[in-house]
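Work through the exercises below with the model open. Try each task before reading its solution.

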Amino acid sequence: MKLTTTSGNPIADNQNALTAGERGGVMLQDYQLIEKLAHQNRERIPERTVHAKGSAAYGVLEITHDISRYTKAKVLQKGEKTRLILRFSTVAGEAGAADAERDVRGFAIKFYTREGNWDLVGNNTPVFFLKDPYKFPDFIHTQKRNPRSHLRSNEAAWDFWSLSPETLHQVTILMSDRGIPASYRQMNGYGSHTYSLINEAGERFWVKFHFKTRQGIKTLTNDEAATIIAADRESHQRDLYENIEAGNFPSWDMKIQIMTDEQAKKLPYSPFDLTKVWSHADFPLIDVGVLTLNENPKNYFNEVEQAAFSPSNIVPGIGFSPDRMLQARIFSYPDAQRYRIGTHYAQLSVNRPISEVGTYTLGGAMNDGSYDVSAQAYYEPNSFGGAKEAPEFSEPALELSGEMKRYNHRELDDDYYSQPRALFGIMNEAQKQQLFSNIAQSMAGVSEFIIERALGHFEKISPEYAAGVRAALGR
Ligand code: NDP
C-alpha cells in the first residue's frame, strides 16, 4: 500500500521536511509536514471526567433460562446470543492512573441487540454514594484534585461523606476488602439502578441486574496493591488483555432480582433508592445467562476511548424507573459523549447498532452520511416513505402522583445504617480488620472534627465498627 495524505494523495518522502536550501527553514507549502503536526495536536479527545482509565473487551451474552414471563426483550430470550463490549474502569483517577487503586470499578456493557443497542452502565458495587443527582457534581469534586494543591484530598472525601450519611453503604463497600479487586476478571458487576422489564402482555416488573464472576472474587490489600503499582500501573489492563489473548476467556453468570409494583409499594424504603440493595432473602436471584469475554479490541483509541455508553440506550421490553440517579444519567451520559467525542459519536463502529437506524437527526459534526435521508423525506411526518414511528413499542403507562416540590430525602428516609450493618454483619473477623485499617489509612491528614463526625456514623452502624476504626486510628 502507498503512503498517502488523509485525502489519498501519494507521499514521496516521509523522512525529510521540504526546506528552502540546504540550511534554510521549512516551507509553509509542506502540507505533509503540517498534516502530521496538526494531527499530533489532535490525537487525544477530552478524557472522561469520571471513569477515565478503562479497559474493554468484546464478548457474548448467552441466555440460558426462560424469563419471558418478565420481558419480551429479544436480547433476553432463552437461546439468544448477543455480541457485546464490556468496559471496566476506575472512577476517580485520570487516564494515566494506576489500575490497582482503591476505587469503585465501572462495569459498562453495550449489547449489540437485534432491536438496537442496550447499554447497562453499572459498577462493581450494587449501590452508589448518592440518591439525588443534584449532589453528583459536588461529590465528584471531592474525588478529584483540590483546585489549589492539585492533590487528591482525604479531607474533602471524608468531609462530604460524613456530612452525607447516605454515602455510608457505598463507603463501607469501598473500604472493605472488595475496594481493590485483584483484577477486572475477579469482581462482580451490577446494573445498580432499578430498571423495568415489560412482558408481551404489557406488564411491568422492577428489576436489578447482577453479574457474578465465575473466576471467583479476589481482592488486594493496600500493601499488596502498593507493591503491584510500584512495578506496574496497568495491572488490570494487562491481566484482561493477556488472559483473553491466551484464550482464557472470563465469564460472569447473569442474574436478576424481580419486584412487582405491589411489592414496591409495600417496601419500607424506596426501591428506586440507589444507596440501597434489595435483600436476596426477599428478592432471590433468578438465573438468566452467561456473559463471556472472548476478543480484545484491535485499536484502543477507536474501540475503547471512543466507546460511548449510556443508560439511555434501551430496547423494547426493558425500561427505566423513577430512580433519580438513573434519570440524571440518561441526560448526562449522552451529553458527555457529544462533548467528548462529537455530535455523531453513535455512528462510530464501536457505538453503531447492528440493527437498522431510521433517524432525522443528521446535521452536525462527524456525520458520515451512512444514515442519509432522501431528498423528499428529511422531516417527519412526510409522504415520501421516510422512517415512521412504531406505536407497537409504546410502554405501559406508569402511574405517578404527588405535588411538585424539592422533597428533602433526609426527612423521608433517615435510615442510613441498616444495610451497612447487614454488610458489616456478613464480614468475617479478617475482613472487619481490613475495613478498620483501610478507613484509618484513608483518614490520614483529615481534621479531627471530621473524623469524629464519621465515627459518630460508624457508631450508629455498630459500636463494634466505630471501636474498630478508633483502634486502627490508634486512639
Ligand atoms: P446476602 O447474604 O444474601 O448477600 C450478601 C452479598 O454481599 C453477596 O452478594 C456477596 O457477594 C456480597 N458481599 C460480601 N462481601 C461484600 C463486600 N465486602 N462488599 C460488597 N458486597 C459483598 O445478604 P443480603 O441480600 O441480605 O444483603 C446484605 C448486605 O450484602 C447488603 O446490605 C449489601 O451491603 C450486601 N450486598 C447485597 C446485595 C444484594 O443485592 N442484596 C449485592 C451485593 C452486596 P458474593 O456472593 O459475590 O460473595
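The exercises cover the ligand shell, the salt bridges and a surface patch.

This is a predicted model, in which local features need pLDDT of at least 70 and side-chain atom pairs count only at pLDDT 80 or more, while totals for chains, interfaces and linings use all residues. Residues are numbered from 1 along each chain as its sequence is written, and side-chain values use heavy atoms, with hydrogens and water left out.

**Exercise 1. The ligand shell**

Task: describe the residues around the ligand and find which helix supplies the largest share.

Solution. 
- Step 1. The shell has 19 residues, and His-169, Arg-178, Asn-188, Trp-278 and His-280 come nearest.
- Step 2. Sort by type. Eight are nonpolar, eight polar and three charged. Here Ala, Val, Leu, Ile, Met, Phe, Trp, Tyr, Cys and Pro count as nonpolar, Asp, Glu, Lys and Arg as charged, and the others, Gly among them, as polar.
- Step 3. Assign elements, using DSSP runs numbered from the N terminus: helices are H or I with at least four residues, strands are E with at least two. α4 (168–175), β7 (204–213) and α11 (418–426) each supply at least two shell residues. α11 gives the largest share, four residues.

**Exercise 2. Polar contacts and cover**

Solution. 
- Step 1. Turn to cover. Accessible areas come from the Shrake-Rupley method with a 1.4 Å probe.

**Exercise 3. Salt bridges**

Task: take the salt bridge of Lys-131 and Asp-273. Are Lys-131 and Asp-273 buried or exposed?

Solution. 
- Step 1. Use the rule: a side-chain nitrogen of Lys or Arg within 4 Å of a carboxyl oxygen of Asp or Glu. The count comes to 27 salt bridges.
- Step 2. In the Lys-131 and Asp-273 pair, the closest N and O atoms are 2.9 Å apart. Lys-131 sits in the loop between β4 (116–123) and α2 (136–143), Asp-273 in the loop between α7 and β9, so the pair ties together parts 142 residues apart in sequence.
- Step 3. Check burial: buried is under 20% relative accessible area, exposed over 50%, partly exposed in between (1.4 Å probe, protein chains only). Lys-131 is buried at 10%, and Asp-273 is buried at 6%.
- Step 4. Compare another pair. Arg-475 and Glu-452 meet in a salt bridge at 3.3 Å, N to O. Arg-475 is partly exposed at 42%, and Glu-452 is partly exposed at 33%.
- Step 5. Look for shared partners. Lys-131, Asp-273, Lys-276 and Asp-413 are joined into one network. Lys-276 counts as buried at 7% relative accessibility.

**Exercise 4. A nonpolar patch**

Task: which residues make the nonpolar surface patch of about 330 Å²?

Solution. 
- Step 1. Keep residues with over 30% relative accessible area and no salt bridge, then join nonpolar side chains (Val, Leu, Ile, Met, Phe, Trp, Tyr) within 5 Å.
- Step 2. The patch is made by Leu-28, Tyr-31 and Ile-34.
- Step 3. Ile-34 is partly exposed, at 33%.

How values were computed
Patches are made of residues with over 30% relative accessible area and no salt bridge: like charges are joined within 9 Å, nonpolar side chains (Val, Leu, Ile, Met, Phe, Trp, Tyr) within 5 Å. A residue is near a molecule or strand if one of its heavy atoms lies within 4 Å of it.
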